[in-house]
Amino acid sequence: KCSFFNCLFPAVFETDPLLEQTMGDLWTLVRSDGEETHSQIVDTPHVNVSQAPSPSVKKRKVSLIFDHMEPDEMAEHLSYLEFKNFCNISFLDYRSYVVRGSVRDNPALERSVMMCNGVSQWVQLMILSRHTAQQRAQVFTKFIQVAQRLRALQNFNTLMAVTGGLCHSSISRLKDTSNLLPPDVTKALSEMTELLSSRSNYSNYRRVYSECSGFKVPILGVHLKDLISLNEALPDYVDEEKINLSKLQHLYSNINELLATHSCSPPFEANKDLLHLLTLSLDLYYTEDEIYELSYTKEPKNHKTQPAAPVKAPGVAEWGSGVTPRLDPDTISRHVKQMVDSIMKNYDLNQDGFISLDDFDKIAANFPFSYCTQKADREGQISREEITSYFMRGMSICAKLGYNFNDAHNFQETTYKRLTFCDMCGGFLWGVIKQGYHCKGNNMAVPQCHTNILFILT
């Protein structure tokens, strides 16, 4: 029947990507679980088989577990998101930046800044979320491998973000962790920082980038800095109020060079489920103080040990300083829904609306707020609704939208260093840092999810 309709109505399959993908999934499933004669029944000549998920894991299209993802796979999907953002920047966006000297109120450039900073923070938090120095060293090593693949893909913007996260002082101060890094890892990090160094106006990067051809993603901040410098160095008018056409030509040439890279197709394909995972991961936002607090929790100050040799971090999105994420609840809700849909598609094998707690715990480890206890509707399993609730709470929407609390109850946002339970509902106070609020007057502990109740209490 599938073969019959596909042959009679090929245009329908070509214009409906979802239908085409569904047929590709069916083709893969029959090939992996059925007889060879069965696969011949499903004739799908219009499905691009190369885009169909590989049946390397039986009945699962993709692993959404950080430890199972290959560094190359991670680098390629980060590059897909980066390139998509880069291609959304128009000539008018560049012109606006030149005129105003700021990315504020320029959504395309703001998204690029936020992704760069988001990747850098995610790298830091994924390292700091591990309990032991050995585990942190393993995650560090994996991100070095991601950086090496980004370099091979000529994606310099995300390479800057990942390297900046690895060199951040909240990570470089981890003496116990750095002592466990293999020599080839520290050497690779040194090579990356040398490539991205701002010395001599990023001369190393400029030389390497000029030699690249085909698909490439530039360090956007470096090239925007060039536009600003050019705009300030040359006057707008010459020879008694005549427009300086030479200046306009130089600006146009520089901008056009950036726009020309949009036409190069990425040398890889992306899986939507992994894109949803990474999109939600990079939506996280923590302040510098919160990240440092977590760093000192993992490895407290020890004045008897020599500090690790500092590695100068490349400037990550310095050109976009002052831009903070705008956590729109509707956008985050959409991202959470996409992520939960991907989880259920890949892990709810019997389609009963539940996945195992073991699978969920492993998936949740992709996110720095993953340390919490989930109550399941039935033993050993967790429902779609519970997963959605978990991620929505984990994004800390209310707290990050700027709600403040008065001092009537003297609640202070607190990081609990031992198992603590809510004095109102008995639930576990979950999270990596600043899991809830502590009243200094009566020692009441309240989690982030009860922010609406705190307004009543105060």
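Is K345 buried, exposed or partly exposed? K345 is partly exposed, its relative accessible area being 34%; here buried means under 20% relative accessible area, exposed means over 50%, and partly exposed lies in between (1.4 Å probe, protein chains only). The model is predicted, with local features needing pLDDT of at least 70 and side-chain atom pairs counting only at pLDDT 80 or more, while totals for chains, interfaces and linings use all residues. Residues are numbered from 1 along each chain as its sequence is written, and side-chain values use heavy atoms, with hydrogens and water left out.

**View 1. K345 and D273 form a salt bridge.** A salt bridge is a side-chain nitrogen of Lys or Arg within 4 Å of a carboxyl oxygen of Asp or Glu. Side chains of opposite charge can pair when their charged atoms come close. Between K345 and D273, the closest N and O atoms are 3.3 Å apart. K345 belongs to helix α18 (residues 329-347) and D273 to helix α16 (residues 272-282), so the pair ties together parts that are 72 residues apart in sequence. Helices (H or I, at least four residues) are DSSP runs, numbered from the N terminus. D273 is buried, at 3% relative accessibility, whereas K345 is partly exposed.

View 2. K337 is exposed, with a relative accessible area of 53%, and D341 is partly exposed at 27%.

**View 3. K362 and D358 pair in helix α19.** The salt bridge between the side chains of K362 and D358 has an N to O distance of 3.3 Å. Helix α19 covers residues 357-364, and about one helical turn separates K362 from D358, which are four residues apart. Both count as partly exposed, K362 at 37% relative accessibility and D358 at 46%. Elsewhere, salt bridges that share partners join K337, D341 and R384 into one network. The whole structure has 11 salt bridges.

**View 4. The largest nonpolar core has 75 residues.** A nonpolar core is a set of buried Ala, Val, Leu, Ile, Met, Phe, Trp, Tyr and Cys residues joined through side-chain atoms within 4.5 Å. F143 and F391 have the most contacts inside this core. Helix α7 (residues 107-128) gives the largest share, nine residues. Another core, of 17 residues, lies apart from it and includes L220, L227, L230 and L258.

Note on methods: Helices (H or I, at least four residues) and strands (E, at least two) are DSSP runs, numbered from the N terminus.
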